[in-house]
Amino acid sequence: MWSHMQPHLFHNESSLVEQMFLNKKFALEHGIPTDMGYAVAPHHSGVYPVHVQLYEAWKKVWNIKITSTEEYPHLKPARYRRGFIHKNIMVLPRQTCGLFTHTIFYKDYPGGPKELDKSIQGGELFFTVVLNPISIFMTHLSNYGNDRLGLYTFVNLANFVQTWTNLRLQTLPSVQLAHKYFELFPDQKDPLWQNPCDDKRHRDIWSKEKTCDRLPKFLVIGPQKTGTTALYLFLVMHPSILSNSPSPKTFEEVQFFNRNNYHRGIDWYMDFFPVPSNVTTDFLFEKSANYFYSEEAPKRVASLVPKAKIITILIDPSDRAYSWYQHQRSHEDPTAPKFSFYEVISAGPWAPSELRTLQKRCLVPRWYASHIERWLVYFPPFQLLIIDGQ
């Protein structure tokens, strides 16, 4: 290629696009196909942890639909890796085959040739193929030259699997393969963002301009109409406590962990927070009252900020439900004025759908025990503070 630089080193999307156009020009001039829809970033850079500029540039220049990575969620053994979809680009889990740039000759394989043959004949490589419906491997072209170590590895692996199992090995073009993968594993489409600074490998392939100091140290999770806004206003009066900048749609709330904003990625989330002047004394936080009863939020929060303190405010559940009902009336909800509060809370299964929707929004957040139990699955009790809103 014209350039093999790591994408995360390009902080300006236009600069990255320019480099990609030079690569594409080189490919076209030398008859190299450019319409495969699949690309791999050099040295795993930019795919995960996500460098948004890479995804945008890929779409603009190459119309990339599929990529792969060994880094998500950086689990070992390799067969436990998962896929995800970001910016409409499907990211498939790439498996480890043990062939690297420096591994060029059979006799020089780390640990000796017997280690490679052991991995093929019932070892890690064999189990990777047997236990994964779809396996993607990648090695450098040099391993298909010289003594053809790459060819030796995969031909013998395929022969061993076909000899000792009833599996029938198949292959598909990359686009079809990606669609097949997420057809088999639809639950993997949504990513689960982790803190890049918790893993040295991830930190090394993340942009040097980014900092994990812009992640919150505590969250006020709600529920709504219990006094969370008042607590938010009291907290920001403190000179060492900093909140997120307002959202144009949800005002002081980011609503990252409970909505589709989550799919924008952690760069989008961290852009809401200031860079702390002193990381040891400044406390970043956010308040999003819908987190309390969200089914997805606890797991997502625990993945990105596992040490964060979680604050919830509770009042009498009937008071909260009535307050929410009045909130809907005052905010010109078209449904609320049609029904009395009693009609809302007593509506049965045959009630109109709009009434049952309003009832759900009034009553579901007050199931305090169920929601707190969900948070306690991911956070120890000492990280959860419950405030009496009365």
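Here are some points on the disulfide, the ring pairs and the charges over rings.

1. First, a caveat: this is a predicted model. Please read the distances and angles below with that in mind.

2. There's one disulfide in the structure. Cys197 and Cys212 form it, with their sulfur atoms 2.0 Å apart. The S-S torsion of Cys197 and Cys212 is about 85°, so the disulfide is right-handed. Cys197 lies in the loop between α6 (174-184) and α7 (200-204), and Cys212 in the loop between α7 and β4 (218-222), so the bond ties together parts 15 residues apart in sequence.

3. Cys212, at 14%, counts as buried. Cys97 is also worth a glance: at 6% relative accessibility, Cys97 counts as buried.

4. Now the rings: the count comes to 27 aromatic pairs. Take Tyr48 and Tyr72, whose centres sit 4.9 Å apart with planes at 65°, so this pair is edge-to-face. Tyr48 is in the loop between α1 (13-29) and α2 (52-61), Tyr72 in the loop between β1 (66-69) and β2 (84-86), 24 residues apart. Both Tyr48 and Tyr72 are buried.

5. Phe126 and Phe160 make an edge-to-face pair, 5.4 Å centre to centre and 85° between planes. Phe126 is buried at 12%, and Phe160 is buried at 19%.

6. One aromatic cluster includes Tyr48, Tyr72, Trp193 and Tyr262. Arg300 lies over the face of Tyr262, 4.1 Å from the ring centre. Lys217 lies over the face of Phe283, at 4.9 Å from the ring centre.

How values were computed:
Residues are numbered from 1 along each chain as its sequence is written. This is a predicted model: local features need pLDDT of at least 70, side-chain atom pairs count only at pLDDT 80 or more; totals for chains, interfaces and linings use all residues. Side-chain values use heavy atoms; hydrogens and water are left out. A disulfide is a pair of cysteine sulfur atoms within 2.5 Å. Helices (H or I, at least four residues) and strands (E, at least two) are DSSP runs, numbered from the N terminus. Buried means under 20% relative accessible area, exposed over 50%, partly exposed in between (1.4 Å probe, protein chains only). Rings of Phe, Tyr and Trp (its six-membered ring) pair if their centres lie within 6.5 Å; planes under 30 degrees apart count as stacked, over 60 as edge-to-face and the rest as tilted. A charge sits over a ring if NZ of Lys or CZ of Arg is within 6 Å of the ring centre and within 35 degrees of the ring normal.
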